[in-house]
Amino acid sequence: MADIHANLIGGEWTTSTNASRNINPSDLSDVVGDYAQADDAQTEAAIDAAAAAFPGWAAASPQRRGDILDAAGSAILARKDELGRLLSREEGKTLAEGIGEATRAGQIFKYFAGEALRLSGERLNSTRPGVDVEITREPLGVVGLITPWNFPIAIPAWKIAPALAYGNTVVMKPADAVPGSSWALAEILVQAGLPAGVFNLVMGRGSVVGEAIVASPKVAAISFTGSVSTGRRIGARAFETGKKFQLEMGGKNPLVVLDDADLGTAVGAALNGAFFSTGQRCTASSRLVVADGIHDRFVAALAEKMRALKIDHALKPGTDIGPVVSSDQLEQDLRYIAIAREEGGRLVTGGERLSRETEGYYLAPALFTETDNAMRINREEVFGPVASVVRVRDYEEALAVANDTEFGLSAGICTTSLKHATHFKRHAQAGMVMVNLPTAGVDPHAPFGGRKGSSYGAREQGSYAREFYTTVKTAYVFGG
Ligand code: NAP
């Protein structure tokens, strides 16, 4: 393996004998690159480097921290086409989606460049005369970041930027399936002037590198995004070792369509929410909860739009939906399609593997009807281009079905009724509620996260990110 992309440890590009090959899911003959796999010793060295760099970075002026984040943001935006292309090659989302995600990453760095300067405290009047009470926020120390494969640059960005803005140092492990975008981010951070050791990149398997980060007593906090099973394991281990942690995990997000919905709006929201980015979004609209009076028209119109989608190589102009990310994920998608059929679901369209000019993991987006909310297809996250329709009588039943899930990330409703939209906004058991919009698609400056089994701990993104990446100190001063 020539030209292995090395890990970044204490400011040094450090390679290893083990590397993993990053393959394009749109074209299995296209090698994106070879990426070093860190071992336990290298992970430990990265944690030590972050610990050594912490006092200096925590003491750096917020202006300096902000300037470096701003420079990184500018570099990402200047390179967004190249980064978007890399991202599409390694993950399989379309080039437009890849460039959009790279742009989002740049904007996030710029946002947190400003947040570094806006970190403020509070002063309270004491109950005791002559005493001042002052509340300030301090960085945590070394923060371990563990990210999934479905947003290869945006999720690393929305963890790295606030961690650094508020004065923490970082050890990051990207998903093994998509190390390229994080490697490019590491290079950009070095070029932006980040001091050695402040940001460390250790690539490799979760079972090796991830476990070592979570187990280390020198790591003060873990921010994780990924599946529920991995998240719960990490949370338990982080708790045992006394760490602060936040977990962003799966979803089974309902999109309710009421009889009074604008049909075009509802179909557009379902098409985008369920199938764009190949349905590989934690906020995907995977459960379509549709009222009886609009059900047949909605299903017919959605199926027609789905059949018109162009599923092809992510970089091909005109492609609407790229391939599934990997053979494992494709197998999972096909397994759930078979399960939905066995459970009695009716496959209206899609669900079959597709052949294209290049060999890749192509799957026709699948739509099931005649499903009920107790079926596995409506209870478990598929994480692919698969959606199922649950027919309901009215709004009351729709709300009950929407909330009848162990997840609670995002929930949407399509209606022209202000009364129902308002009621849904108040009573949906989800961290994010969308009205006449897909369940996926959020703003970078607004808090992101869910309830119930979807999330644990403080929200990510926007100014709310400070809750996780800082710790509060209350000082009592008697001045005499
Ligand atoms: P995953 O399998 O849970 O992996 C997530 C990350 O954890 C990867 O970097 C993985 O490493 C690492 N990991 C695995 N085992 C570990 C261990 N024992 N200790 C420490 N780290 C470990 O999830 P995924 O398949 O990458 O991503 C898909 C999931 O992410 C879906 O459930 C989706 O809903 C969720 N997601 C949630 C959000 C949200 O904000 N709520 C956003 C995006 C995605 P390797 O894979 O490299 O081995």
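Buried means under 20% relative accessible area, exposed means over 50%, and partly exposed is in between (1.4 Å probe, protein chains only). The model shown here is predicted, so local features need pLDDT of at least 70 and side-chain atom pairs count only at pLDDT 80 or more, while totals for chains, interfaces and linings use all residues. Residues are numbered from 1 along each chain as its sequence is written, and side-chain values use heavy atoms, with hydrogens and water left out.

**View 1. Arg21 pairs with Asp34 in a salt bridge.** A salt bridge is a side-chain nitrogen of Lys or Arg within 4 Å of a carboxyl oxygen of Asp or Glu. Here the closest N and O atoms are 2.8 Å apart. Arg21 sits in strand β4 (residues 19–24) and Asp34 in strand β5 (residues 27–36), so the pair ties together parts 13 residues apart in sequence. Strands (E, at least two residues) and helices (H or I, at least four) are DSSP runs, numbered from the N terminus. Arg21 is partly exposed at 45% relative accessibility, whereas Asp34 is buried at 6%.

**View 2. Arg391 meets Asp292.** Their closest N and O atoms are 2.8 Å apart in this salt bridge. Because Arg391 belongs to strand β19 (residues 386–392) and Asp292 to helix α10 (residues 292–307), the pair ties together parts 99 residues apart in sequence. Arg391 is partly exposed at 38%, and Asp292 is partly exposed at 43%.

**View 3. Thr43 is buried in the model.** Thr43 is found in helix α1 (residues 40–59), and its relative accessibility is 0%. Leaving aside neighbours within four places in sequence, Thr43 is in contact (heavy atoms within 4.5 Å) with Ala38, Val202, Val209, Ala212 and Ile213.
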